[in-house]
Amino acid sequence: ALEAAVACRLEVSAWQECGMSSKAIMPAVKHLRTACRGSIRCGWDKLSRNQKHAICSNTGSKTILERGDGFMPSIQAATRGNATGLLTIRAAASLFNSEVMTSALADKTRLRYHDLWRGFVTFAIAQRDLTAVLPASKEMVQAWAMQLLMLGASPSLIRSSIAAVQSRHTYNGWPAPLSEPRLFQRTMQAIFSLQGAPRRLVTPVTRSMMRKLMRLEGLTLGQQRDVTMTVTGTQMCARVGEVKRLQVCDFLPDFDAAISRRYRGSAAMRVCKRKQDRRRQGLYPRLMKGSQSRLCIVRRIRSWMSLRGLAVSAECTKRQRPAARCQHCPPLFPSFRQVDGRWEPMSRQQISWAVKKVLGMVHKGEAHFSGISMRRGGISQAVHARVPEPILFLQSGHGSGSAARTYMVPQDPRVLYQTARALRI
């Protein structure tokens, strides 16, 4: 009965969360429903206690320490008030594995992996062999990948699905199914060579677009926020999630004024955590003062904060813990909604919609804009200005040139014809 309940709960949601259409998953769903009639025997009783716990455990939710962002009260909650006391070795190791080691992967990655793992378990139940889940063999993973290919899954989804299985094994102390040297890379290379697709067109934000945005007049309060946010995110070369997490205490005007007077009127933005910054050392992208007061983004941010009544709280915790989110200061670009008297930050989707909306006011082709346009535009403008890659990465936070080049789009398409011009007959 437990097996049937698990299968029924997983059957539809797991496939739909993987991006499958209802038409594509119906054959698999019918097969699962047939298998779940009565009390099916999938080998659940043959599994050990550790295997059952590893299969069913939810690693997608945030840990207590992550919800508290590392603050001492969250540690006390995790240890049930015994933060300074002496735990047994077994209890301390168990607490370390559940509350600390889980954070080796980002919380959103874990949530995605958990959803994909549920699909893998559903596939094993359909095969009536739960003993093949943990530890899984190479043949089991290859069969799972083939099933996804037959359902029309994208290569990126298949890669994430296999990575979820690999991660579940290593997290629980089992060897990964594709642990042979370069087996995972060769597998994905074969799949991408068959199913790969070009990237969708995303128009980057250019300097001329930013100038037009800054010169707009008669804007509503929401439009002023969106214009300021778009220009700020572009100059920071920021991801949408980084713009979402900005707080008023992260805005640092005259950050380098002590070095030289020429930097008065400029500013820096404190980015507490970036995708490649797994050690949480932080990053401080710079914002240069504009050539005119009307085009100065630093002045614009100050004006926006004054207009919206946003100010750094007297209880700000960024000085004590600069890598953690402040519990008292409001977001720099809040939504127009309050919860318990506090402004809520904009969601990622709201930021993408806002970027599309304001860029559509100064440029045709609104459909080709998205939140990625800010980061892609900032990096592309820096490349066009011949900023050295190591210096550019200090602004964008990239760890390697290969990852950064996916954002690089020439401002002038004439450079794309240089090779053709050299070969012209």
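I counted a salt bridge where a side-chain nitrogen of Lys or Arg lies within 4 Å of a carboxyl oxygen of Asp or Glu. The model I examined is predicted.

Entry: salt bridges. I looked up aspartate 254 and arginine 302 and found their side chains joined in a salt bridge at 3.9 Å, N to O. This pair links distant parts of the chain, with aspartate 254 in the loop between β1 and β2 and arginine 302 in helix α14, 48 residues apart. Aspartate 254 is partly exposed at 35% relative accessibility, and arginine 302 is partly exposed at 41%.

I then checked arginine 118, which forms a salt bridge with aspartate 115, their closest N and O atoms being 3.4 Å apart. Both residues sit in helix α7, three residues apart, about one turn of the helix. Arginine 118 and aspartate 115 are both buried. I also noted a network of salt bridges linking Asp250, Arg270 and Lys318. The count came to 10 salt bridges.

Entry: helix α9. I found that α9 spans residues 155-171 and reaches 24 Å from its first C-alpha to its last. Of its 17 residues, 12 are buried, including Leu157, Ile158 and Arg168. The buried residues of α9 pack against α3, α7, α8 and α10. Glycine 173, with a positive phi near 90 degrees, follows α9.

Entry: cysteines. I searched the whole structure and found zero disulfides. Cysteine 249 is in no disulfide, and the nearest cysteine sulfur, that of cysteine 329, is 3.8 Å away. Cysteine 249 is buried, at 6% relative accessibility.

Notes
Residues are numbered from 1 along each chain as its sequence is written. This is a predicted model: local features need pLDDT of at least 70, side-chain atom pairs count only at pLDDT 80 or more; totals for chains, interfaces and linings use all residues. Side-chain values use heavy atoms; hydrogens and water are left out. A disulfide is a pair of cysteine sulfur atoms within 2.5 Å. Buried means under 20% relative accessible area, exposed over 50%, partly exposed in between (1.4 Å probe, protein chains only). Helices (H or I, at least four residues) and strands (E, at least two) are DSSP runs, numbered from the N terminus. The expected span of a helix is 1.5 Å times one less than its number of residues. Contact means heavy atoms within 4.5 Å.
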